[in-house]
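The sequence and the structure are shown first.

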Amino acid sequence: MADFEITIDGQQVPVTKGQTVLEAAQAVGIEIPHFCWHRHLVPVGACRICLVEIEKFPKLQPACATVAGEGMVVHTDSPQVIKARQGVLEFLLANHPLDCPTCDQGGECELQDVAFKYGLDYSRHQEPKHRFLVGPESTFDDLRIGPEIIRSQNRCIHCYRCVRLVNEAFMEDDLGAYQRGCHTEIKPPPGGEIRNLYSGNLVQNCPVGALTSSDWRYQVRVWLTKQAQVICPHCPDGCNLKLWTYHNRILRATAAGNDFVNDGFICDVGRYGYQFATSPDRIKQPMIRKAGELVEATWTEALEYIKSQTNTLKSKLSGSGFFGLVGESSTNEEIYAFGRLLRRVIGTNNIDHRLGRKRKLSLGRQVVERGIGSDTIEYADIEKADVILVIGSDLHAENPITALRVKKAIRQHGARLILANPRPTPLGIRAAQVEVIYKPATEVMFLLGLIAALISEAGKKPEAIDLEASPIEEFRSKHESSGQAAAICGVAAATLEKIAATLSNAENIVILTGREVEQHPYRDSIYLAIGNLQSLCRSACFAPMPTDSNSRGASLFGAEPDLLPGGVSVDDKAGYEDTWKGPISEMVGKDTIGILDAIAEDEIECGFIFNTDPIRVFPDGNQVKSILEGLKLLVVIDSFMNDTARIADVILPLSSSLETEGTVVNWEGRLQYSQAAIAPLFESKPGCEIIELLADHLGVKFNQPTPTDVYREMIQFLNGEMPAQTQAIGREGVLIKSTEKKAVPDLADIKYTPYSEDNQYPFVLLVGNADHHRGTLSEKNDSLMKFTSEPFVGINAAEADKLIVANGDLVRVESRYGKVVGKVTILKGFADGQVLVPDNFIELCPNLLMGRQEKVDLVKLTKM
């Protein structure tokens with residue numbers, strides 16, 4: 001709703017109070033050129049190219065920095081304005097090289113466009129242009145200022161958009177402006193480089209060719225490319241990417257505009273993480289194991305072999321002897337079709353997607369009944385929050401764009417960020433008001449201490465919460481005081497009281513949890529404790545962050561043994577049998593843990609693994625490998641030759657996520673459509689087509705070989721109206737809201753038993769992401785490997801001194817279940833008795849050190 005109107009070039013323009021003249025003009029499609037302005041930055045009016053004439057103002061005004069006022073009359077193209085812009089351009093071009101034919105920005109250069117519209121065809125300058133040279137012997141000014149960014153200072157127009165994005169929007173400090181006037185240089189601090197996680201956005205937002213990326217540089221002219229809108233496959237944020245292709249090759253990724261999700265930015269993992277599509281590890285054609293060796297085969301041979309072996313085993317075991325595992329980065333259509341294949345064609349409900357937890361994969365009954373974690377939260381809610389509490393998450397690495405939205409909330413209205421983790425994180429250094437480092441695996445005790453402190457705060461303002469006094473007193477009598485909990489989790493009681501006071505006074509709280517919580521053996525207790533926190537605060541909503549790009553889609557579209565697509569119990573299968581034109585097994589399905597146990601007991605002898613690598617991902621990879629090797633038939637459908645594929649009996653090459661269309665669901669529950677950027681490479685096929693071929697060979701025709709076909713069927717099982725075609729899904733996507741349950745008006749009892757220390761294995765193993773890496777795909781991208789090229793074993797300086805090791809020295813990390821070797825990296829702020837190993841590199845897999853029955857994984861270190 002507009003507050004008033006102004007007139008721009010004779011057109012009545014509605015304005016919201018606080019909008020600038022530039023923003024008002026943009027909203028109705030009136031073009032005003034600008035260089036220094038960016039919608040995520042505070043206007044500074046530095047470049048002056050946006051000068052406009054405003055009646056009753058004595059001189060021209062910068063449209064970007066002039067707040068619109070009621071009744072304003074603005075002229076954006078008057079003779080006076082044109083003359084002023086020509087003057088500004090003359091100064092900008094005084095030292096700017098006229099090298100458009102060789103400049104990599106040609107065709108998308110904002111300076112080129114403005115010069116074309118307003119510039120003169122001559123120059124009054126006769127003096128030599130000021131030139132920057134990288135060295136005395138150089139005739140060029142190209143300078144690599146980061147692993148991926150090359151700076152050409154002579155092309156810089158000193159708009160400072162890049163420097164201000166780093167400082168204001170990203171809250172980083174690895175780029176600055178040095179010297180003054182025409183001598184000003186844009187570069188990192190002395191001895192440093194530009195390598196923050198959002199650095200690629202500087203290239204995309206540079207209005208000229210001063211900053212370029214080496215992945216795209218001099219590859220092709222931009223007007224020769226094709227573009228596709230895809231959803232990033234690397235994390236559950238669901239960022240919108242634009243992939244630029246030429247002759248079926250992806251040459252770069254940029255942020256696609258979607259204010260509902262990534263808000264114009266993407267992280268570097270998404271920007272450079274498209275290169276996995278052409279990885280040397282790609283499976284190029286089907287393979288069959290013969291005489292103990294995998295040999296190449298045709299699709300017909302592979303499918304016939306699967307048909308023969310499956311029918312033989314099915315006649316012996318029925319559907320109970322089969323299972324399926326599906327990766328959480330698969331599309332909704334692939335997940336739905338895979339589940340339908342298993343349940344309708346194979347006749348089994350043994351299906352799962354959850355591979356990262358050791359035990360108790362489903363949430364407990366009490367958590368579900370209380371509706372904890374079922375709040376519908378969007379990115380916009382994070383931006384509106386006045387307090388954001390993040391528990392057990394390196395949000396910066398796990399959900400980079402969510403972290404950027406948190407920073408935006410801090411920047412725009414002073415939101416307070418409280419981080420609680422077992423180790424320091426980059427977000428804590430840059431943005432947190434309070435960063436709490438608790439002892440590993442003591443999240444429950446930290447929360448119990450916080451609850452105790454909140455109960456004390458609630459006593460000061462009992463009217464602020466809806467709970468009666470009796471359940472509060474009952475809870476207090478059963479659980480530790482804040483002081484007792486503080487002693488166990490290693491957080492000062494005063495800190496807990498400070499956090500409690502902040503939460504108690506807040507009007508709008510958002511609670512986020514991450515990997516440490518999702519993989520925690522006491523996840524239910526943590527959820528129940530967070531539910532208690534919500535009950536003790538005025539208004540608090542809770543969003544548990546899923547682990548992979550389509551974890552929510554996998555859960556929603558039937559990849560759990562007891563749930564059919566849409567979250568319907570298998571007991572209510574009649575409607576699905578009608579749609580699938582056949583019976584669904586009544587057997588009780590097994591989850592991942594049950595499947596592995598059943599294979600070990602010879603109850604299951606055949607498996608289909610789609611787009612995932614359980615040997616690499618599931619805790620205790622050695623045991624998983626040993627179990628899977630006992631199968632009579634293992635069919636792997638994947639894009640890459642991974643550890644699980646190497647022990648398969650049949651491999652079917654799957655087109656990568658960038659070669660197939662489909663929908664995915666991000667952490668908000670937002671369903672979005674992703675296009676295929678390129679045609680399938682090698683002899684690979686899209687997932688839905690492979691599943692259709694398998695079903696056909698096993699005797700059932702669904703006649704749905706494309707994602708569009710599958711989508712039309714699967715949406716009937718979702719609540720609410722959905723677009724009939726994938727192509728009809730708008731840029732904002734479709735928000736699938738959770739069925740919110742009203743919380744029980746009391747405090748849940750929290751159960752927790754601390755883990756036992758072991759002198760033989762004195763270190764607690766922590767697993768995370770290396771810089772510019774996430775998950776197992778990132779190491780297949782050359783650009784990301786420039787930031788961190790190898791795994792490491794992270795310890796603090798004190799522990800390094802005890803071991804007599806320095807950065808780069810080799811150590812052996814050993815547990816009761818396995819051992820790995822890696823190079824030491826000394827980490828600042830890291831606690832004693834902890835070791836961090838990233839899980840992004842195949843040559844050092846931390847899951848080999850994990851035990852399925854262990855609550856906490858303990859290891860020892862030995863200098864090599």
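The model is a predicted one: local features need pLDDT of at least 70, side-chain atom pairs count only at pLDDT 80 or more, and totals for chains, interfaces and linings use all residues. Residues are numbered from 1 along each chain as its sequence is written, and side-chain values use heavy atoms, with hydrogens and water left out.

**Domains**

The chain is divided into domain 1 (4-94), domain 2 (126-278), domain 3 (287-357 + 550-656 + 683-703), domain 4 (372-544) and domain 5 (763-863). These bounds come from an automatic or database domain assignment. Between the C-alpha centres of domain 1 and domain 2 there are 27 Å. Contact means heavy atoms within 4.5 Å, and 14 residues of domain 1 are in contact with 14 residues of domain 2.

**Cavities**

A cavity is a set of points, on a 1 Å grid over the protein atoms alone, where a 1.4 Å probe fits but cannot get out; its lining residues have an atom within 4 Å of a point. Grid points are joined across faces, edges and corners, and a volume is the space filled by probe spheres set on the points. Seven cavities of 30 Å³ or more are present in the structure. For the classes in the table, Ala, Val, Leu, Ile, Met, Phe, Trp, Tyr, Cys and Pro count as nonpolar, Asp, Glu, Lys and Arg as charged, and the others, Gly among them, as polar.

| Cavity | Volume | Lining | Classes |
|---|---|---|---|
| Largest cavity | about 140 Å³ | 15 residues | six nonpolar, nine polar, no charged |
| Second largest cavity | about 110 Å³ | 17 residues | 11 nonpolar, four polar, two charged |

In the largest cavity, the lining residues nearest the centre are Ile-231, Cys-232, Pro-233, Ser-657 and Val-664. Domain 2 and domain 3 each give at least three residues to the lining of the largest cavity.

In the second largest cavity, Cys-156, Cys-162, Cys-206, Ala-210 and Leu-211 lie nearest the centre. The elements that give two or more residues to this lining are β7 (149-152) and α4 (161-169). Helices (H or I, at least four residues) and strands (E, at least two) are DSSP runs, numbered from the N terminus.

**Sheets**

Two strands pair if DSSP finds at least two bridges between them. Strand β12 (residues 240-246) is joined to the antiparallel β13 by six bridges, and Leu-241 stands opposite Ala-255 in β13.

Another open sheet of three strands, also with antiparallel pairing, has the order β28-β29-β30. Here β28 (662-665) and β30 (734-735) are the edge strands, each pairing on one side only. β28 and strand β29 (residues 670-674) run antiparallel and are joined by four bridges, with Gly-662 opposite Ser-674 in β29. Helix α8 (residues 332-346) lies across β28 and β29, at about 95 degrees to β28. Axes are lines fitted to C-alpha atoms, for helices over the stretch in contact, and angles run from 0 to 180 degrees between N-to-C directions.

How values were computed. 1 Å grid on protein atoms, 1.4 Å probe; cavity = no way out; pocket = protein on both sides within 12 Å on 5 of 7 lines; lining within 4 Å.
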